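Please look at the sequence and the structure below, and then read the briefing that follows them.

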Amino acid sequence: MSDDELKALVANIAVSQDRTDGLLQNVTARLDKLAASQDRTDGLLQNVTARLQNVTARLDKLAASQDRTDGLLQNVTARLQTVTARLDKLAASQDRTDAQLAKTDAQLAKTDAKLNRLAEMYGGVGNNQGAVAEEFYHNSLKANPVLDGERFDFLQRNTERSGNGLANEFDLLLVNGRTVCVVEVKYKAHENDLTNLLAVKAVNFPRLFPEYAGHEQRFALAAFHIHDRLRQAALKRGVTVLQRKGDVIESTAA
């Protein structure tokens, strides 16, 4: 090979090497670019992986919370079932109680009806006894209008008067020119009869009968039966006591 041919070969090899070097540089640059892209991809994947791990942890936490919620709901459901069962039991018991009360009410209604009939019967007896006592004292005083040694000119029976918001009925009134005596008549006298005579009738009488303002006003309690304690209380408070003694009246002045 001549020198020129050798030089030409060397020159061709140099040119080919330059192209090879250029290609290698180009490949190297592309590889570097791919490596950088891969690094970015790895970074993104790591970021995504971290976020997925965070999401997974939160989902696990939510799942655990849901498990607790389910447990609580199961507990509440069980307790509600227990309460419902007790309410059902109470309702059944109340139904039985209501039925028993209804039966008792019916029995009480029958009993009340019987008691009312008895009250009417015995009330009638009481009224009849009161009428008997009033008739006796009225007839006795009418025949002999003398009380505590004082003779009266007039005898009034069942005198009723009302006015100025007041109303009272007085069993017997004995009247003369200077004295008026209010007589309360009972078959069997009680403490409240004396109280009513002094606290009500004695207070209302001068207001209802102003025409007797100039008279001495006296009060008497007449009864077929009066126990000694009440008799002494009446006398102590200035009330004359009238009692039946056989077919006549025994008068005890206060």
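On one side of helix α3, D228, R229 and K236 are exposed, where exposed means over 50% relative accessible area, buried under 20% and partly exposed in between (1.4 Å probe, protein chains only). This is a predicted model, in which local features need pLDDT of at least 70 and side-chain atom pairs count only at pLDDT 80 or more, while totals for chains, interfaces and linings use all residues. Residues are numbered from 1 along each chain as its sequence is written, and side-chain values use heavy atoms, with hydrogens and water left out.

**Helix α3**
- In α3, which spans residues 228-236, the buried residues include L230, R231, A234 and L235.
- These four lie on the same side of α3 because they cover an arc of only 135° around the axis, the arc being that of the directions from the helix axis to the C-beta atoms.
- After α3 comes G238, whose phi is positive, near 85°.

**Nonpolar cores**
- The largest nonpolar core has 23 residues, of which F170, V182, F205, F209, I226 and V239 touch the most other members; such a core is a set of buried Ala, Val, Leu, Ile, Met, Phe, Trp, Tyr and Cys residues joined through side-chain atoms within 4.5 Å.
- Helix α2 gives the most to this core, with six residues.
- Apart from it lies another core, of 15 residues, among them F152, L172, C181 and V183.

**Residue N204**
- N204 has its place in helix α2 (residues 191-208), helices being DSSP runs of H or I with at least four residues, numbered from the N terminus.
- N204 is buried, with a relative accessible area of 10%.

Definitions and conventions:
Helices (H or I, at least four residues) and strands (E, at least two) are DSSP runs, numbered from the N terminus.
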